[in-house]
Amino acid sequence: MNSASAVIICLAYILGLLFTALPGVGGYGVLGLGIVVALAILLPLPGGPRGWKSPSTALVWLLAGFIGLGASFYLQWRMPQPGPNDISRFVLGGNGNQTEQLFKVWGIVKSVPRVTRSEKGQFWLEATQLEILPDPKQGIESQGNQPVSGKVYVTVPLLQATGRHPGQVVAVTGKLYAPQGPSIPGGFDFKAYLAKDGCFAGLAGRQVDPQEGNSREVWGLWQVNRRILQSQARWLGVPAGPLLTGMVLGGRGVDLPNKVKDEFVQVGLAHVLAASGFHVSLLLRLVLDLTKRFSPRVQFAGGVGALVFYVSLTGLQPSVLRAAVMGFGALVGLVYERQVKPLGALLMAAVLLLLWNPLWIWDVGFQLSFLATLGLLVTVPPIMKRLDWLPTPLASEIAVPIAAMVWTLPLQLYVFSQLASYSILVNAITSVIISPITIGGFISGVAGLVWPPAGSAVAWVLYYPLHLLMEIVRFFSELPGSAVATGTLSQMQLWLLYAALVMVWLVPWWHRGRRWVLIMLFAVGLVVVPVLQERATVFQVTVLDAGGAAVLVAEDKGEVTVISSGDENTALYTVMPFLRQRAINQIDWGIAPTGIGPRSGWYLLWDKVGVTNLASPEPPTASVQSVLDESPIAYQKLEVGKEAQLGLVGVKLVNGTPPVMQLQIGDKSWLWLGNLNSSEQTKLVRGGNLPGVDVLWWSGNKLAQELVDVVGPSVAIASNSPDEETPDHLGTVNSTIYSTAEVGAIAWTPDGGFVTNLEKMENFDPLL
């Protein structure tokens with residue numbers, strides 16, 4: 001088999017995995033393509049000779065088609081599934097809802113605990129036994145210990161996670177729950193995130209009890225990571241110490257402050273905190289420089305040893321494995337004095353890794369790693385050629401980030417719906433110090449393993465470069481427009497963008513003059529025009545699922561009004577992802593119906609998104625007022641009984657404490673009832689101030705029948721699962737009931753009426 005045939009077969013395998021994203025097509029699409037090409041080769045062409053290629057070539061294409069088909073079946077076969085005794089069987093009922101029953105789960109800790117954004121400790125647990133704890137209120141008795149299996153995603157109070165380590169046997173008491181998929185457009189798919197690691201259950205723990213005498217006190221590489229971290233943080237402090245460790249070993253196993261991580265992501269330096277090919281190439285270069293006086297076999301042994309050790313420390317991440325495989329190929333070429341073809345090595349690395357784990361085809365880190373490397377191989381040379389008027393080092397600093405960004409940007413827009421505006425500039429500026437810091441971090445880490453004070457001393461030398469890097473990142477992250485929401489790309493847009501890139505790469509005609517500018521304009525138009533067109537015409541109101549908090553986003557031809565009563569997590573995981581998905585970069589009017597408390601999500605929204613006007617029925621506290629005074633936000637206090645027009649939303653505060661608001665959006669009148677209990681509802685009704693409305697929006701608490709009779713809504717939306725008696729009460733006025741906890745986001749448009757997120761997913765076309 002020649003090299004061309006090998007390339008065809010390798011690409012067919014990868015396409016077979018990719019085509020599984022197309023329901024009803026899958027690997028059959030690759031098979032059909034292989035058959036069509038094989039027939040085109042064998043059948044006579046009009047006006048041409050019969051058999052313009054040999055039958056062996058047709059056979060290669062036919063074989064490639066069957067390999068693509070086999071790849072799609074192979075991926076389905078490797079999809080993790082819960083075993084017959086998996087712990088998830090105790091929580092996955094007909095609807096997958098979380099149970100309120102307490103469990104005690106025994107198992108082996110599989111990871112070093114990390115700190116979540118909610119300031120809780122999180123670790124993986126390999127479950128072995130389970131006990132259903134008695135609950136007299138629900139009439140549940142203890143059923144004794146039962147053997148179980150499977151991984152569990154455990155979160156516990158931070159102090160309960162302190163001292164836990166891999167190999168330790170513990171018993172965790174808490175509530176089991178079924179991870180959920182995205183409930184809002186653009187939301188995080190927690191269920192898929194856990195499923196790819198073979199986990200189908202979470203445990204919200206309250207207490208962790210170490211089981212003395214049963215723990216496996218086995219030495220592990222996690223101890224090496226901890227020794228390096230402690231050594232580098234001793235003299236550098238926080239966050240510089242963890243930042244250095246993250247730049248060396250990747251940020252996945254290091255508890256960096258969330259603010260630091262967010263700033264690096266926002267300016268396009270996320271790859272600096274993720275173990276990747278950049279780190280592997282620096283490590284190999286360092287090892288080869290140190291061993292250049294020795295024979296190629298010694299250099300090979302040193303390089304392979306460094307690769308194995310580094311890959312083990314970083315936890316077998318796809319991006320690192322890709323670089324390690326290519327690095328190993330380069331070392332083999334060094335020994336046998338043969339030049340390795342970079343593109344061939346990249347393709348072979350992809351196929352080998354996807355044979356080992358085909359699920360990595362959908363791992364974003366894997367995809368970005370290969371695309372960035374491909375960009376460096378095929379796009380840096382032509383860019384360098386056009387920048388030949390610059391000094392070579394400067395041209396390289398410009399060409400590398402441009403090439404990587406060009407090939408990764410479509411995927412980043414598709415996955416994250418956000419553009420780091422200053423990415424190229426920041427990468428060009430910081431590359432001068434990132435490489436020395438990372439090399440110094442490698443040296444510090446090795447020294448810290450031998451003698452921790454030596455590692456601390458080497459790390460201390462990097463104090464000023466590290467703080468300079470953090471200041472540069474902070475400066476650019478605080479600039480206006482540092483992160484621009486672009487809206488979600490469709491799969492069709494994604495495929496067209498990469499088709500355009502491949503065409504520019506492979507078709508020489510596009511290399512002449514400035515013809516590549518046409519492709520660039522086409523790509524920009526493909527992304528920007530649909531967003532501008534929708535923003536100019538859309539009128540939509542969306543109620544989001546926010547775990548019981550009230551969140552509504554109203555859009556009218558680019559003007560945006562947001563109502564939110566949630567905390568920082570609501571803003572981070574619900575409001576901001578939805579705004580990115582809708583390409584919203586500014587909130588024109590914000591309404592905080594329950595005031596702005598210490599943990600209000602509005603602090604994050606006006607910091608990361610921007611808010612022009614803000615209104616609330618509660619007067620701001622002194623601390624909030626001081627923040628508002630230093631910002632350009634115009635604040636307005638809502639008065640009981642007075643109407644206010646906030647963007648496209650007309651607001652009238654019906655009741656002050658607790659707050660109740662009447663909203664007028666388009667031709668629909670809404671009543672936001674908040675979290676009123678039955679007695680408060682009765683008091684409100686007897687006050688005679690409740691209007692009749694089209695839409696009732698409330699927390700899900702039990703609704704008083706007399707309130708339902710007075711309001712008479714045609715649609716009722718609960719921000720949580722509604723009380724058991726409430727549907728009967730609403731049935732007396734023929735209300736259509738929606739619960740965001742059950743159907744996800746609920747969107748309303750004048751033409752389409754109310755549509756839930758579940759209905760959108762059922763009608764979803766992956767190519768549109």
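Reply: The radius of gyration is taken over C-alpha atoms, and the globule rule is 2.2 Å times the number of residues to the power 0.38. This is a predicted model, in which local features need pLDDT of at least 70, side-chain atom pairs count only at pLDDT 80 or more, and totals for chains, interfaces and linings use all residues. Residues are numbered from 1 along each chain as its sequence is written, and side-chain values use heavy atoms, without hydrogens and water.

Me: What radius of gyration does the protein chain have, and what would a compact globule have?

Reply: For 768 residues a compact globule would have a radius near 27 Å; the protein chain has 29 Å, which agrees. Its C-alpha trace spans about 90 × 80 × 55 Å along the principal axes.

Me: What percentage of the residues is buried?

Reply: Buried means under 20% relative accessible area (1.4 Å probe, protein chains only). Of the 768 residues in the protein chain, 47% are buried.

Me: At what angle do helix 6 and helix 7 pack?

Reply: Helices are DSSP runs (H or I, at least four residues), numbered from the N terminus. Axes are lines fitted to C-alpha atoms over the stretch in contact, and angles run from 0 to 180 degrees between N-to-C directions. Helix 6 (residues 221–236) and helix 7 (residues 240–249) pack at about 140°, with axes 7 Å apart.

Me: Which residues of helix 6 and helix 7 make the contact?

Reply: Contact means heavy atoms within 4.5 Å. Helix 6 contributes N225, I228, L229, Q232, A233 and L236, and helix 7 contributes A240, G241, P242, L244, T245 and L249.

Technical notes: Helix = DSSP H or I, 4+ residues; strand = E, 2+ residues; numbered from the N terminus. Buried < 20%, exposed > 50% of the residue type's maximum accessible area, 1.4 Å probe, protein only.
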